[in-house]
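Me: Hi, I have a protein model open and I'd like to talk it through. Can we go step by step?

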Amino acid sequence: MHRLVGLMLVLAALLPAGAAAAFADPPVSVQVEDTAGVLDRNQLVPALEGIDFYEPTRVAIYTYNGRTGDNPNEEVLRFARSGHPEWISADGQKWADGLFIFALDPVGRHVGTYMGEDRKVSLEQRQDIQDAARDLLRDAQWTEGTVAGVRRAAELISQPWYRSAAFLITAWVTAGTAALGAAAWIIVRAVTRSSSRKACL
């Protein structure tokens with residue numbers, strides 16, 4: 001029992017260290033297309049260059065002034081086809097591998113995240129990325145919101161299995177259960193020994 005508890009506690013302690021070691025690739029490049037004119041490039045670019053991804057990733061930022069009823073997916077694709085064909089795969093059907101795009105429409109209030117097939121995340125994680133930026137964007141903190149969104153994307157894109165929320169919760173619950181079980185076993189053993197001593201007197 002003592003060995004099990006020790007093993008679980010060591011595992012829990014080592015998880016952050018192992019994750020930090022794997023979290024060390026700054027963006028291969030940072031490309032900013034601020035056609036809306038709302039970003040502070042002097043603040044934005046150094047902040048994005050300082051963000052670590054799990055794998056080498058090209059980061060592209062695109063802002064534009066649209067309307068509430070616009071389809072941001074169509075707008076980003078149109079812009080890529082006309083000005084940045086390198087953002088699109090060779091067959092023209094997908095986003096290029098190794099690419100992450102954060103798109104922002106401050107007028108229509110749209111936020112979009114787009115990535116290559118090898119950098120894809122789940123729909124829930126994509127929403128998580130956008131939610132990380134949303135409060136700042138609502139306050140018109142466009143630069144800070146963009147940085148927050150990219151930072152969250154870096155935490156989720158190509159995330160190792162041991163960094164997933166499900167695994168971490170399971171690990172901590174298992175460690176906690178083992179610790180409680182050990183504590184109960186120690187208490188029962190102490191009570192049993194005390195009763196045995198009294199019986200012998």
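Me: At what angle do the axes of helix 2 and helix 5 cross?
Reply: Keep in mind that this is a predicted model. In it, the two axes cross at roughly 15 degrees. They come within 10 Å of each other. Helix 2 covers residues 41-49.

Me: Parallel or antiparallel, then?
Reply: Roughly parallel. Angles under 35 degrees count that way, so helix 2 and helix 5 qualify.

Me: And which hand does the crossing have?
Reply: Helix 2 passes helix 5 in a right-handed crossing.

Me: Which residues make that contact?
Reply: Helix 2 brings Q43, L44, A47 and L48. Helix 5 brings T143, E144, T146, V147 and V150.

Me: How do they split by class?
Reply: Five are nonpolar, three are polar and one is charged.

Me: Why quote both an angle and a distance?
Reply: Because a packed pair of helices is described by the angle between the axes and the distance between them.

Me: OK, next pair. How do helix 4 and helix 5 cross?
Reply: Their axes cross at roughly 160 degrees and come within 8 Å. Helix 4 is residues 123-138, and helix 5 is residues 142-156. That makes helix 4 roughly antiparallel to helix 5.

Me: Left-handed or right-handed?
Reply: The crossing of helix 4 and helix 5 is right-handed.

Me: Who does the touching there?
Reply: From helix 4 it's Q125, D128, I129, A132, A133, L136 and L137. From helix 5 it's W142, E144, G145, T146, A148, G149, R152, A153 and L156.

Me: And the classes for that contact?
Reply: Nine residues are nonpolar, four are polar and three are charged.

Me: Let me pick one. Is A133 buried or exposed?
Reply: A133 counts as buried, because its relative accessibility is 0%. A133 lies in helix 4.

Me: What does A133 touch?
Reply: Leave out residues up to four places away in sequence, and A133 touches F102, G145, A148 and G149.

Me: How far is A133 from G145?
Reply: Their C-alpha atoms are separated by 4.5 Å. Along the chain, the two residues are twelve apart.

Me: What about Q130, buried or exposed?
Reply: Q130 is buried, with a relative accessible area of 12%. Q130 is also found in helix 4.

Me: Which residues does Q130 touch?
Reply: V111, G112 and T113, not counting residues up to four places away in sequence.

Me: And how far is Q130 from F102?
Reply: The C-alpha atoms of Q130 and F102 are separated by 9.1 Å. The pair is 28 residues apart along the chain.

Me: Buried or exposed?
Reply: T63 is buried, at 1% relative accessibility.

Me: What is T63 in contact with?
Reply: Setting aside neighbours within four places in sequence, T63 is in contact with E33, D34, T35, A36, G37, V38, L39 and L104.

Me: Now the backbone. What is the phi of A140?
Reply: Near 65 degrees. That is a positive value, and A140 is not a glycine.

Me: Why point that out?
Reply: Because most residues other than glycine have a negative phi.

Me: Where does A140 sit?
Reply: A140 is in the loop between helix 4 and helix 5. At 39% relative accessibility, A140 counts as partly exposed.

Me: Now S158. What is its phi?
Reply: S158 has a positive phi of about 60 degrees, and S158 is not a glycine either.

Me: Where is S158?
Reply: In the loop between helix 5 and helix 6, where helix 6 is 165-200. S158 is partly exposed, with a relative accessible area of 24%.

Me: Zoom out. How many helices and strands are there?
Reply: Six helices and four strands. Along the sequence the pattern is α-β-α-β-α-β-β-α-α-α.

Me: How much of the protein is buried?
Reply: Buried residues make up 38% of the 201 residues.

Me: And what is the accessible surface?
Reply: About 11,300 Å². Carbon and sulfur atoms account for 57% of that.

Me: Last one. What share of contacts join residues at least 24 apart?
Reply: 67%, counted among contacts between residues at least 6 apart in sequence.

Methods. Residues numbered from 1 in each chain as written. Predicted model: local features only at pLDDT ≥ 70, side-chain atom pairs only at ≥ 80, totals over all residues. Heavy atoms only, no water. Axes fitted to C-alpha atoms, helices over the stretch in contact; angles between N-to-C directions. Helix = DSSP H or I, 4+ residues; strand = E, 2+ residues; numbered from the N terminus. Parallel < 35°, antiparallel > 145°, perpendicular 65-115°, else oblique. Left-handed = near helix turned anticlockwise from the far one by under 90°. Contact = heavy atoms within 4.5 Å. Nonpolar A, V, L, I, M, F, W, Y, C, P; charged D, E, K, R; others polar. Buried < 20%, exposed > 50% of the residue type's maximum accessible area, 1.4 Å probe, protein only. Areas by Shrake-Rupley, 256 points an atom, 1.4 Å probe, with all protein chains shown as cover.
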